[in-house]
Amino acid sequence: IRPLTNDSLSIMTGIAVNKATDGRESVSNMLMPKGRMLVGAYRGRFGERCRIYDAMEKYVSDNHLAMVAPGLEVYLNGKLPDSDSSVIEMELYFPIF
């Protein structure tokens, strides 16, 4: 989720599929790297989810690991947040090696 203006934002989402599309228009394919995945669980305010990022990045650094792709947020309570104060449940996935 990326803010664009005061009343607009851009949302990027991923959908697991069993074969790639031709990539037309605004759909693109991304291959998740094989290997280990660091997973963190977070429940709290959407605006404070940086806490799970900070904790997991520290774990990666402290354990001399490296991320091979950007983190992936998976929302567990079936809805997108509508403000920074929305309470969310999510898992954060970091592909690592």
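Biologist: Which residues is Ile52 in contact with, leaving aside its neighbours within four places in sequence?
Modeller: Ile52 touches Gly40, Ala41, Tyr42, Met90 and Leu92, where contact means heavy atoms within 4.5 Å. This is a predicted model, so local features need pLDDT of at least 70, side-chain atom pairs count only at pLDDT 80 or more, and totals for chains, interfaces and linings use all residues. Residues are numbered from 1 along each chain as its sequence is written, and side-chain values use heavy atoms, with hydrogens and water left out.

Biologist: Which residues make up the largest nonpolar core?
Modeller: That core has 11 residues: Leu38, Tyr42, Phe46, Ile52, Met56, Val60, Ile88, Met90, Leu92, Phe94 and Ile96. A nonpolar core is a set of buried Ala, Val, Leu, Ile, Met, Phe, Trp, Tyr and Cys residues joined through side-chain atoms within 4.5 Å. Buried means under 20% relative accessible area, exposed over 50%, and partly exposed in between, with a 1.4 Å probe and protein chains only.

Biologist: Which elements each supply at least two residues of this core?
Modeller: Strand E3, helix H1 (50–62) and strand E5 (87–96) do. Helices (H or I, at least four residues) and strands (E, at least two) are DSSP runs, numbered from the N terminus.

Biologist: And which gives the most?
Modeller: E5, with five residues.

Biologist: Changing topic, where is Met32 found?
Modeller: Met32 is in the loop between strand E2 (8–10) and strand E3 (36–45).

Biologist: What is its relative accessible area?
Modeller: The value for Met32 is 31%, so Met32 counts as partly exposed.

Biologist: What joins E1 to E2?
Modeller: A hairpin, through two residues.

Terms used
Pairing = 2+ DSSP bridges.
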